Amino acid sequence: MSDETTGTDLLETPLHDRHVALGGRMVPFAGYSMPVQYARGIIAEHTWTRENAGLFDVSHMGQCWLMGPDFETTAAAIETLVPGDIAGLAPGAIRYTQFLTGDGGIIDDLMVTRPTDPALDGRLYLVVNAARKDVDYAHMRALLPAGVTLEPIEDRALLALQGPKAEQVVARHSGAAVDLAFMTSCQTDLDGSSCHVSRSGYTGEDGFEISVPAEDAATLWDTLMAASEVESIGLGARDTLRLEAGLCLYGHDIDETTSPVEAALTWSIGKRRREQGGFPGFERIRAELADGPSRRRVGIRPDGRAPAREGTEISVSDQPVGRVTSGGFGPTVGGPVAMGYVDREHAGVGTELVLTVRGRAEAARVEKLPFVPNRYKR
């Protein structure tokens, strides 16, 4: 996910009027007018999602089809751009991966889904970050082989229902969606509309992401909001939830200077891909896998109450060893949490660090991620 803002003429999602009616505080986000919070506030929205079910509008994300003559051809094409094992996807399965530069930096992170419908055998459904979708689309169009094409999906909204009570809400509308395991998807009817539903999300909680025709989005939003377990959640709580879950934010925790190995995303590089390569930056990544990267993304837990924001210097024995890339107050943790990159010699869990916060030295330590246990449905 990314939060870069672009332009002065802000776009609006199909749910813009719903956010305004709910008193959402609208802010520029990746070129869109988006709700950062509602009247209840970020901490209340965060806590509600951890305990109940939060409904997010993520329609600003880039949805697109990658299309070829058959699955094998399309999977092989995207594998020239990403390190994930796409060819190994079963129908309905989802893979998290990254577009990489020639030297292994991350252009963007994305979700790749193989549809369940045999009629869509040559297609892959991609979801990319809002602020990077134009970059991603240009990147793909420039490098995809003949016979494999990109088609942006401009007529669908995207909703995320996240939290421990998300399942019981969705169960009232779709048995097929409830039967999904984490990182799988299906096509199902919700509220009279044909939707693509995935069991995934960006909060560390169980939940669903729902791609719905734009003209039906407001009706589905109203239906979900009518449930007593559901409240609308803005981008502010989305950020605190993902930080506690140890999930990367593009442009902050990952960018074109960071590799997946440095970013602690090695798990997303399939075994076959690690051995065979065939993706940009393979030589760097192979070396980092063998010898270890020079720095690593780690969780950081300040000892005090002062949040360490992005850019905060990290030191050990008065020597700089890295910087914070994301940080703030973790409502579930009950104190400040952060992520950042540190030299590999200081990346071990429990390593004592010093953060320079507003000119003051604050004690901290490396802590295992995530800060809050994930509750995905395996």
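Let's start at the second largest pocket: β1 (25-29), α2 (42-51), α8 (235-244) and β16 (319-330) each supply at least two residues of its lining. Helices here are DSSP runs of H or I with at least four residues, strands are runs of E with at least two, and numbering goes from the N terminus.

A word on the source. This is a predicted model, where local features need pLDDT of at least 70 and side-chain atom pairs count only at pLDDT 80 or more, while totals for chains, interfaces and linings use all residues. Residues are numbered from 1 along each chain as its sequence is written, and side-chain values use heavy atoms, with hydrogens and water left out.

Back to that pocket. α8 gives the most to the lining, six residues. The lining has 24 residues, and Gly236, Asp239, Thr240, Arg242 and Gly327 lie nearest the centre. The space is about 350 Å³.

Terms, quickly. On a 1 Å grid over the protein atoms alone, a pocket is an open set of points with protein on both sides within 12 Å along at least five of seven lines; a cavity is a set where a 1.4 Å probe fits but cannot get out; lining residues have an atom within 4 Å of a point. Points join across faces, edges and corners, and volume is the space filled by probe spheres set on them.

Now the largest pocket. Its volume is about 1000 Å³. It is lined by 43 residues, with Tyr96, Gly246, Leu247, Leu265 and Trp267 closest to its centre. β14 (295-302) is among the elements giving two or more residues.

Next, cavities. There are three of 30 Å³ or more.

Last, the cores. A nonpolar core is a set of buried Ala, Val, Leu, Ile, Met, Phe, Trp, Tyr and Cys residues joined through side-chain atoms within 4.5 Å. Buried means under 20% relative accessible area, with a 1.4 Å probe and protein chains only.

The largest core has 28 residues; Leu55, Val197 and Ile210 are among those with the most contacts inside it. α7 (217-225) and β12 (207-213) are among the elements that give it two or more residues. α7 has the largest share, six residues.

Take Val197. Beyond its neighbours within four places in sequence, its contacts (heavy atoms within 4.5 Å) include Leu180, Phe208, Glu209 and Ile210.

Technical notes: Buried means under 20% relative accessible area, exposed over 50%, partly exposed in between (1.4 Å probe, protein chains only).
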